Amino acid sequence: MSDTRRRVKVYTLNEDRQWDDRGTGHVSSTFVERLKGISLLVRAESDGSVLLESKISPNTAYQKQQDTLIVWSEADNYDLALSFQEKAGCDEIWEKICQVQGKDPALDITQDPIDESEEERFEEIPETSHLVELPHCELSCLEEIADLVTSVLSSPIRREKLALALMSEDYLKKLLGLFRVCEDLDNREGLHHLYEIVRGVLFLNKAALFEVMFSDDCIMDVVGCLEYDPALVQPKRHREFLTKTAKFKEVIPITDSELRQKIHQTYRVQYIQDIILPTPSVFEENFLSTLNSFIFFNKVEIVSMLQEDEKFLTEVFAQLTDEGTDDSKRRELVNFVKEFCAFSQTLQPQNRDAFFKTLANLGILPALEIVMGMDDLQVRAAATDIFSYLVEFSPSMVREFVMQELQQTDDDVLLINVVIKQMICDSDPELGGAVQLMGLLRTLIDPENMLASINKTEKTEFLSFFYKYCMQVLTAPLLANTAHDKNSKDLQEGATKINPVCPDNFQTAQLLALILELLTFCVEHHTYHIKTYIMNKDLLRRVLVLMNSKHTFLALCALRFMRRIIGLKDEYYNRYIIKGNLFEPVINALLDNGTRYNLLNSAIIELFEFIRVEDIKTLIAHIVDNFYKALEPIEYVQTFKGLKGRYEQEKDRQSHKLTRYRREARSMDDDEELWFNEDEDDDEAEAVDKSRMEDDYSDGYGKYMEAKKAGATNGANNGKVAALPPTSPPATPNNSPAASVKTVALPASPVVKAPLVGLVDYPDDEDEDEEDEEEEEEQSPRKRPRLSS
């Protein structure tokens with residue numbers, strides 16, 4: 001099993017026409033009793049399990065591609081491929097397949113696949129020859145050849161026959177030789193026919209033909225033929241671009257000639273597919289599936305060959321991190337790594353894991369930290385793309401590196417702080433790079449993709465690290481642009497509303513909107529850490545300064561931040577908002593918006609509607625007490641009247657409870673006296689009866705009953721006192737500062753205190769109390785709300 005010639009990867013083609021890697025193992029051709037025939041058997045090299053067991057059927061069409069691939073189909077739409085490590089192993093298995101089917105191993109296809117829908121048509125084809133008879137390869141026959149190639153595309157059987165015919169006697173190479181003759185003679189008609197011929201041959205979708213067409217000897221002639229599209233007045237100059245404009249740069253010399261050839265070939269074939277060939281129609285999509293596979297396997301092979309060359313990659317990263325490397329060289333190195341990572345996206349998940357682990361071991365993250373801090377915009381952009389590949393692959397790997405890095409470097413040079421500073425300093429007016437980096441930061445701080453370890457959770461460790469060392473860097477622009485203006489409250493009536501510290505620069509406003517979006521995400525997903533940070537920095541007050549911005553999108557971001565906080569229905573946040581009178585800038589923005597029916601108006605009203613629907617009592621009381629006079633004229637929605645109604649209901653409920661308990665406590669006094677007196681009479685009668693029956697104990701028992709009577713009398717007196725509610729001074733007006741909302745004078749309203757509950761429970765009262773409790777539970781989960789801070 002250690003024979004590398006038989007080492008293969010097993011691939012299957014999925015519904016998206018992409019190859020899925022099923023594993024690596026060793027292939028053999030043996031008789032399988034269960035399948036009753038010679039079969040291809042692949043056992044995994046890791047555990048010896050069976051990856052593939054496929055009987056070599058006499059009617060199955062096998063294809064050999066690129067010297068190391070064998071491809072075939074089983075059942076309906078189930079394509080399989082074996083990718084061999086060595087050409088010798090592929091040849092051995094191919095000979096075995098041809099031996100079973102009785103075919104010539106020199107051919108690259110063993111059967112003419114028959115489509116069921118074509119069977120009837122196939123029967124009508126005269127059995128004159130297995131191959132299509134091709135016209136002579138001459139200039140005078142180009143039109144006839146072009147008509148033949150285009151006519152067979154609708155028939156899978158005829159496509160197969162034509163492909164076999166083209167492979168015989170180097171017919172394809174002779175055709176490409178005619179291209180050079182036509183071009184020398186400037187024979188435009190012949191060149192147009194050659195365009196149709198080469199385009200049709202590509203649509204035959206045969207790997208064996210691709211091997212010839214994309215070889216070093218032929219590929220530039222193929223590109224030349226495709227320049228002469230009959231629909232164009234002048235031919236395109238694709239060859240000039242490939243040979244003169246496009247330059248192959250070797251950041252580190254590649255000594256492997258096979259690897260160099262594979263890189264050149266892949267680039268040119270990709271260019272043909274993406275640039276030269278027109279976008280295929282719905283009916284032509286499957287015609288180029290083999291071309292996609294050709295490029296796919298080439299990329300897999302390139303990545304594997306580079307990954308196995310440890311000296312090459314080690315040298316790349318050594319030069320990348322070397323301070324002596326000049327900027328132009330470093331730019332080429334970064335672009336190479338970026339292209340390398342882009343190629344890796346063609347790998348299957350398990351191979352991609354190994355690829356990125358190799359990069360991590362070679363020091364990709366420390367290298368990124370250096371290049372992301374460079375002044376060269378192209379280098380920084382390429383480094384950002386590489387960083388995005390790493391974050392998408394494994395956020396945990398990046399987080400682990402950053403936390404380990406803390407022990408070795410200062411806060412300023414931490415990788416995440418470097419990323420944040422690059423986001424803040426993005427020079428692009430549209431902040432394209434900043435948006436990309438913000439998305440990566442969001443992924444890194446998302447608790448959903450943080451793993452739990454045995455001792456501590458990654459979430460706890462990383463979030464503590466982030467809020468301690470990185471959050472102040474992220475919020476620095478926000479705090480700097482919302483510095484509190486002490487004189488803002490002293491502005492005269494009619495003075496300009498625009499706050500001098502509120503950013504009016506569009507690029508700055510966009511940056512602050514990005515930061516607010518990230519902070520809003522933190523409010524939703526980080527409970528303890530973000531709450532502590534908001535309270536300590538008085539962050540919400542600073543954010544609400546942005547309600548004055550002339551950029552509506554920024555004001556909406558600030559409002560969204562507050563809406564997320566209120567949406568948590570957290571009493572700590574509610575008391576913080578009330579204490580800081582933080583509804584004032586929101587209500588000012590609503591009043592300044594006037595009668596305009598826009599997004600800002602709707603968003604603010606939705607905020608208050610949420611408070612009303614959720615019946616957040618502390619906030620309702622604060623809003624009505626301090627701002628209702630200003631909001632009362634707004635009648636096009638019932639939100640503010642609804643808030644007033646909620647407030648009055650709660651006020652009436654509290655007042656009703658207070659008076660009820662006082663009244664019921666007094667009405668029970670006479671009943672309690674009667675109950676205690678009856679108790680004394682019963683005790684005395686019982687004492688007389690017992691004294692007659694038990695004379696020996698009469699004296700002792702008399703003393704006992706006297707003591708009991710005295711206790712009962714004291715209990716009655718105590719009962720009277722307990723039933724009386726404690727006296728308290730009348731409720732005083734709320735002393736919190738009145739809101740400075742425009743020109744409307746807002747009188748302070750009294751705040752009802754928490755209900756005074758009697759200390760004695762009476763059974764008669766249970767039904768009424770239960771009704772009140774049920775009504776309160778429908779409104780709010782708290783039965784004793786605090787209406788003042």
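How do the residues of the lining of the second largest pocket divide into nonpolar, polar and charged? I shall come to that after a word on the model.

This is a predicted model, in which local features need pLDDT of at least 70 and side-chain atom pairs count only at pLDDT 80 or more, while totals for chains, interfaces and linings use all residues. Residues are numbered from 1 along each chain as its sequence is written, and side-chain values use heavy atoms, with hydrogens and water left out.

Now to the pocket. On a 1 Å grid over the protein atoms alone, a pocket is an open set of points where a 1.4 Å probe fits, with protein on both sides within 12 Å along at least five of seven lines, and lining residues have an atom within 4 Å of a point. The second largest pocket has a volume of about 1200 Å³, a volume being the space filled by probe spheres set on the points, which are joined across faces, edges and corners. Its lining comprises 37 residues, with T68, S83, F84, Q85 and E301 nearest the centre. They divide into 13 nonpolar, 11 polar and 13 charged. Here Ala, Val, Leu, Ile, Met, Phe, Trp, Tyr, Cys and Pro count as nonpolar, Asp, Glu, Lys and Arg as charged, and the others, Gly among them, as polar.

Helix 11 gives the most to this lining, with eight residues. Helices (H or I, at least four residues) and strands (E, at least two) are DSSP runs, numbered from the N terminus.

I turn to helix packing. Helix 12 (residues 310-321) and helix 13 (residues 327-344) have axes that come within 9 Å and cross at roughly 135 degrees. Axes are lines fitted to C-alpha atoms, for helices over the stretch in contact, and angles run from 0 to 180 degrees between N-to-C directions. The two helices are therefore oblique to each other; angles under 35 degrees count as roughly parallel, over 145 as roughly antiparallel, 65 to 115 as roughly perpendicular and the rest as oblique.

The other pair is helix 9 (residues 238-245) with helix 10, packed at about 140 degrees with axes 12 Å apart. That makes helix 9 oblique to helix 10. The contact (heavy atoms within 4.5 Å) is made by H238, F241 and L242 of helix 9 and Y267, Y271, I275 and I276 of helix 10. By class, this contact has six nonpolar, one polar and no charged residues.

Finally, the backbone. D186, in the loop between helix 5 and helix 6, has a positive phi near 55 degrees.
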